[in-house]
Number of protein chains: 2
Amino acid sequence: MTHRQSITLKQIADQLGLSVTTVSRALSGQARRYRIGRETEQRVQQLAKSLGFAPNRLALGLRLKRSSTIGVVIPDISNPFFAGIVRQVALRARDSHYSIIVCDSQDSQDIEIESLALLRSHGVEGIVLCPVGQSADHLVQFEGGDLPMVLADRYFPGLQLPYVASDNFHGALEATSYLIANGHRRIACLRGLAGTSPNEDRLHGYQEGLTRHGIPIDNGLIAGDSFLQQNGYLTTKLLLKSARPFTAILAMSNLIALGALRALSEEGFRTPEDMSIISFDDQPYLPHLAAPMTVVSQPSVEIGQLAFKMLLDRIHQPDGVLQGGVLLPTTLIVRGSVRNLAEPSSERTQRHVCG
Amino acid sequence: MTHRQSITLKQIADQLGLSVTTVSRALSGQARRYRIGRETEQRVQQLAKSLGFAPNRLALGLRLKRSSTIGVVIPDISNPFFAGIVRQVALRARDSHYSIIVCDSQDSQDIEIESLALLRSHGVEGIVLCPVGQSADHLVQFEGGDLPMVLADRYFPGLQLPYVASDNFHGALEATSYLIANGHRRIACLRGLAGTSPNEDRLHGYQEGLTRHGIPIDNGLIAGDSFLQQNGYLTTKLLLKSARPFTAILAMSNLIALGALRALSEEGFRTPEDMSIISFDDQPYLPHLAAPMTVVSQPSVEIGQLAFKMLLDRIHQPDGVLQGGVLLPTTLIVRGSVRNLAEPSSERTQRHVCG
DNA sequence: CTATAAGGCACTAACGTTTGTGCATCATGT
DNA sequence: ACATGATGCACAAACGTTAGTGCCTTATAG
């Protein structure tokens with residue numbers, strides 16, 4: 001039970017006076033097939049169990065060319081959104097007897113590239129990737145279908161790889177429409193990293209929302225260049241200082257929203273009295289914010305689960321027809337961070353908190 | 001560059017008309033030692049580079065008995081506190097050319113046990129474990145020193161394993177003292193899982209804080225049995241319904257605090273006007289809560305970094321003297337969730353939000 | 001009593017790597 | 001001319017596993 005080092009087939013074989021081959025077959029359920037005696041089979045299984053035998057996965061992987069591991073590469077594992085995805089992948093992987101090697105690319109495409117090569121050398125059977133960069137040159141090698149890969153959260157239009165992401169276009173469209181329905185016409189858009197699908201899709205949804213309601217698009221209200229908190233903070237500061245008035249903010253990530261909140265607070269703006277805001281990504285704490293945050297919720301659980309499922313499919317049928325991408329619907333969760341401009345401003349629109 | 005499957009030493013050897021041995025030596029910097037010709041060395045290195053050769057880690061691990069991987073086992077990777085630890089371990093591991101296999105034990109000791117066995121079979125060189133259970137029977141096998149292990153966040157008093165955790169006793173003591181200094185005498189304590197070091201240490205700190213100020217300990221104000229949100233919610237509900245009055249809450253985890261907040265909100269209690277609260281674990285969103293949360297901040301970055309460093313030390317010197325545990329100091333971050341009972345109750349103690 | 005089948009197991013190679021050793025060839029010193 | 005030493009590389013084994021095949025024994029059929 002408590003052993004100094006992992007025990008091997010050979011040790012069991014020696015102890016029983018059998019060959020390694022026989023032990024292997026007795027343990028892998030191949031006993032019948034290879035005519036191992038009933039009694040021998042029992043003895044092997046008993047001893048193996050009592051010794052707590054577990055096959056060396058390195059040897060197994062080498063021999064079988066199946067390492068029972070998959071790789072997961074994400075920009076920042078401490079971002080709850082990505083952590084949520086990783087968790088679902090991890091849980092599902094465990095159900096399917098896979099282990100996961102996790103790489104944090106730190107929002108760097110160079111590290112991402114390195115990590116992919118590293119995972120390959122580890123013999124992973126597949127990779128779930130939340131890509132960070134604006135280009136996909138390093139991903140074309142995976143189109144071939146050796147080493148299966150599924151993209152999560154982001155995708156690249158030209159790239160022939162399966163992906164799972166939120167329907168960011170409609171999410172942003174719905175959020176923008178909601179703001180407009182509440183009387184907002186000048187809505188700032190706090191962008192994430194340009195060239196990434198979430199950013200582009202959300203931006204288009206935002207623009208479409210304005211256009212559909214006959215509101216001209218003011219490019220001066222569209223600003224920002226990263227999904228990080230610092231960007232939300234600085235961009236909001238700048239926007240508030242600019243001459244362009246606006247009554248609402250559409251923040252393209254949870255981190256951007258946090259940064260915006262800080263800037264608003266510093267500049268003396270109250271939410272939602274002086275400024276309305278909608279963010280992306282639902283989180284457990286959002287109902288408890290000073291202004292309970294109205295958000296476009298992404299189905300991160302489903303994204304993670306589906307990403308793994310699609311990867312597993314590709315691992316099992318590498319030559320099956322390539323699935324396209326899947327866009328999962330978002331949900332607008334209405335809380336209290338959007339003011340209805342039609343109502344008197346002195347009153348909070350909802351919630352008894354801070355009443 | 002773009003290859004269908006990983007390339008091997010043999011392929012390079014064949015292409016150059018050399019033996020695998022020579023190629024291996026030319027690539028591992030052993031050329032001089034084994035008298036490989038200067039020119040041969042160059043040719044091998046060039047070709048390897050141009051082919052993007054990376055040694056098969058499975059074979060490498062098998063041969064060298066060094067897999068260049070470590071295992072990380074945590075209760076819930078989507079909990080920002082643990083995600084933060086994992087991230088630091090991942091970053092440091094990468095610096096040291098280690099990959100990490102992550103297991104989410106889902107707060108289940110059975111899964112934890114399974115995961116440890118799995119990691120062993122993967123040939124990991126060491127394990128960082130945030131244990132979940134109340135007993136450490138399954139960990140004594142690691143005292144021996146084969147398979148190095150470092151505990152993070154929690155430890156077990158009797159167990160001879162190095163650990164890194166917060167100084168929860170003093171953290172709770174400081175928080176309790178702060179509450180008392182603000183005039184609170186009846187302070188509810190929302191516990192986590194009994195038998196775990198964070199819970200016990202925080203509880204003792206709480207009790208010590210009361211005792212030092214001559215306040216009797218009321219066991220009716222100490223309740224709860226898990227670190228999860230649901231527990232915070234239910235326990236708070238129960239406590240509020242009970243006959244025992246209290247003016248402040250000490251929540252023993254970020255999740256518990258979130259649950260408490262929800263209960264308070266539902267029961268019509270305002271924070272901090274009607275109820276003060278202090279939680280553990282600092283998070284980016286806490287300043288933006290309805291009542292910006294005063295917390296005992298844990299040095300999760302340092303915990304993760306140090307855990308990896310200690311593990312690396314043990315990997316390099318398995319027979320070195322066993323380090324004891326390390327307790328890292330916490331920081332009380334004062335925000336606005338504690339009301340000073342000496343001040344008039346109608347006014348918010350600070351902040352202009354919701355003014 | 002012999003051919004045939006079936007039962008029970010071991011031998012061998014292979015996965016890709018590293019490492020100890022051995023076998024050539026060439027130059028050098030005497 | 002002959003031992004000696006360096007130089008340049010290849011061979012073989014090993015890590016732990018699986019899978020194809022072969023060998024021996026016993027039972028069954030003719």
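Helix 1 and helix 2 of chain B are roughly perpendicular to each other, a term used for angles of 65 to 115 degrees, whereas angles under 35 degrees count as roughly parallel, those over 145 as roughly antiparallel and the rest as oblique. The structure is a predicted model, in which local features need pLDDT of at least 70 and side-chain atom pairs count only at pLDDT 80 or more, while totals for chains, interfaces and linings use all residues. Residues are numbered from 1 along each chain as its sequence is written, and chains are lettered from A and ligands numbered from 1 in the order in which they are written.

Two packed helices are described by the angle between their axes and the distance between the axes. For helix 1 (residues 9-16) and helix 2 (residues 20-27) of chain B, the angle is about 110 degrees and the axes are 8 Å apart. Axes here are lines fitted to C-alpha atoms, for helices over the stretch in contact, and angles run from 0 to 180 degrees between N-to-C directions. Helices (H or I, at least four residues) and strands (E, at least two) are DSSP runs, numbered from the N terminus. On the side of helix 1 of chain B, B:Leu9, B:Lys10, B:Ile12 and B:Ala13 take part, and they meet B:Val20, B:Val23 and B:Ser24 of helix 2 of chain B; two residues are in contact if their C-beta atoms, placed from the backbone, lie within 7 Å. The residues of this contact between helix 1 and helix 2 of chain B comprise five nonpolar, one polar and one charged. In this division, Ala, Val, Leu, Ile, Met, Phe, Trp, Tyr, Cys and Pro count as nonpolar, Asp, Glu, Lys and Arg as charged, and the others, Gly among them, as polar.

In chain A, helix 1 (residues 9-16) and helix 2 (residues 20-27) pack at an angle of about 110 degrees, with their axes 8 Å apart. These two helices of chain A are therefore roughly perpendicular to each other. Their contact is formed by A:Leu9, A:Lys10, A:Ile12 and A:Ala13 of helix 1 of chain A with A:Val20, A:Val23 and A:Ser24 of helix 2 of chain A.

Two copies of a chain are related by a rotation about an axis and a shift along it. Chain B can be laid on chain A with an RMSD of 0.1 Å by a turn of 180 degrees and a shift of 0.0 Å along the axis, the superposition being made by least squares on the C-alpha atoms of residues with pLDDT of at least 70 in both copies. That is the relation of a two-fold axis. The same surface serves both copies, as 100% of the contact residues of chain B recur in chain A.

Between the chains, 49 residues of chain B are in contact with 50 residues of chain A. On the side of chain B that touches chain A, two or more residues each are given by helix 4 (57-64), helix 5 (80-95), strand 2 (99-104), helix 6 (109-121) and helix 10 (254-266) of chain B. Helix 5 of chain B provides the largest share of this side, seven residues. The residues of the side of chain B that touches chain A divide into 24 nonpolar, 19 polar and six charged.

B:Asn56 lies in the loop between helix 3 (38-51) and helix 4 of chain B. With 21 C-beta neighbours inside 10 Å, B:Asn56 counts as buried; a residue is buried if 20 or more other C-beta atoms, placed from the backbone, lie within 10 Å of its own, exposed if 12 or fewer, and partly exposed in between. Apart from residues up to four places away in sequence, B:Asn56 touches A:Ser121, A:Gly123, B:Ser6 and B:Thr8. Although B:Asn56 and B:Ser6 are 50 residues apart along the chain, their C-alpha atoms are separated by 7.8 Å.

Helix 7 (residues 168-181) of chain A has 14 residues and reaches 20 Å from its first C-alpha to its last, close to the 20 Å expected at 1.5 Å a residue. The expected span is 1.5 Å times one less than the number of residues. Among the buried residues of helix 7 of chain A are A:Phe169, A:Leu173 and A:Tyr178.

Most residues other than glycine have a negative phi, and most peptide bonds are trans. A:His97, in the loop between helix 5 (80-95) and strand 2 (99-104) of chain A, has a positive phi near 65 degrees. A:His97 counts as exposed, with 8 C-beta neighbours inside 10 Å. A cis peptide bond joins A:Thr271 and A:Pro272, with omega about 0 degrees, and the bond from B:Thr271 to B:Pro272 is cis, with omega near 0 degrees.
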